[in-house]
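Start by looking at the model as a whole.

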Amino acid sequence: MKVLIFRTGKGKCRWADQGTQDWLKRIQKRLPVQEVLLKPSPDHLSIEKRRSLESQAILSRLKPGDAVICLDERGELWKTERFSSVVQEAMNRSTKRLIFAVGGPFGHSPQLRAAAWKTVALSKMVLNHELARLILAEQLYRVYTLIWGGDYHH
């Protein structure tokens with residue numbers, strides 16, 4: 001299974017890039033992860049239009065059989081063990097691409113959330129998308145150690 005992180009943003013945030021890549025390089029042998037940077041919509045548009053355009057950019061890249069997990073403040077709050085079981089379930093279902101969607105500042109459209117396999121919140125607080133991708137990368141590493149062994153998780 002391949003893991004893709006579709007993230008909407010301007011990019012080139014050194015602290016987030018360094019931290020995210022550090023976590024992701026640790027798991028590449030068993031769980032290949034690739035980040036895809038998607039350009040944010042123009043600032044002059046309404047929030048609804050921005051949300052819609054950014055979500056459509058993600059929807060247009062999906063392939064049949066993809067399992068999409070939206071990271072969104074309106075999602076379920078998971079413990080790490082639940083996160084691990086969802087990744088394991090995707091592997092057991094022979095999912096070819098597990099896609100994590102990290103939205104822009106206004107999150108995802110209802111259409112993308114409806115098309116998603118799961119919608120998860122990383123916190124009860126709203127997180128900057130750069131911080132969200134860093135937390136996601138660390139949690140993917142933690143999931144990796146739970147599935148394939150390691151002493152990182154407790």
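A residue counts as buried when its relative accessible area is under 20%, and as exposed when that area is over 50%; partly exposed lies in between. Keep these cut-offs at hand. The model is a predicted one.

Begin with the chain. Its elements are 5 helices and 5 strands. From the N terminus they run β-α-β-α-β-α-β-α-β-α. The radius of gyration is 15 Å, close to the 15 Å that the globule rule gives for 154 residues, so the chain is as compact as a globular protein of that length. Its C-alpha trace spans about 50 × 35 × 25 Å along the principal axes. Of the 154 residues, 48% are buried. Among contacts with a separation of 6 or more, 83% join residues 24 or more positions apart.

Now the charges. The chain carries 26 positive and 15 negative charges, and their mean positions lie 5 Å apart. The whole structure holds 13 salt bridges.

One of them pairs Arg7 with Asp17, with the closest N and O atoms 3.9 Å apart. Arg7 sits in strand β1 and Asp17 in helix α1, 10 residues apart. Arg7 has a relative accessible area of 7%, so it is buried. Asp17, at 23%, counts as partly exposed. Both belong to a salt-bridge network that also includes Glu35, Glu130 and Arg133.

Two further pairs are worth a look. Asp43 and Arg50 meet at 3.2 Å, N to O. Here Asp43 is exposed at 56%, while Arg50 is buried at 9%. Asp72 and Arg74 form a salt bridge at 2.9 Å. Asp72 is buried at 5%, and Arg74 is partly exposed at 42%.

How values were computed:
Residues are numbered from 1 along each chain as its sequence is written. This is a predicted model: local features need pLDDT of at least 70, side-chain atom pairs count only at pLDDT 80 or more; totals for chains, interfaces and linings use all residues. Side-chain values use heavy atoms; hydrogens and water are left out. Helices (H or I, at least four residues) and strands (E, at least two) are DSSP runs, numbered from the N terminus. The radius of gyration is taken over C-alpha atoms; the globule rule is 2.2 Å times the number of residues to the power 0.38. Buried means under 20% relative accessible area, exposed over 50%, partly exposed in between (1.4 Å probe, protein chains only). Contact means heavy atoms within 4.5 Å. Lys and Arg count as positive and Asp and Glu as negative; His and the chain ends are not counted. The place of a charge is taken as NZ of Lys, CZ of Arg, CG of Asp or CD of Glu. A salt bridge is a side-chain nitrogen of Lys or Arg within 4 Å of a carboxyl oxygen of Asp or Glu.
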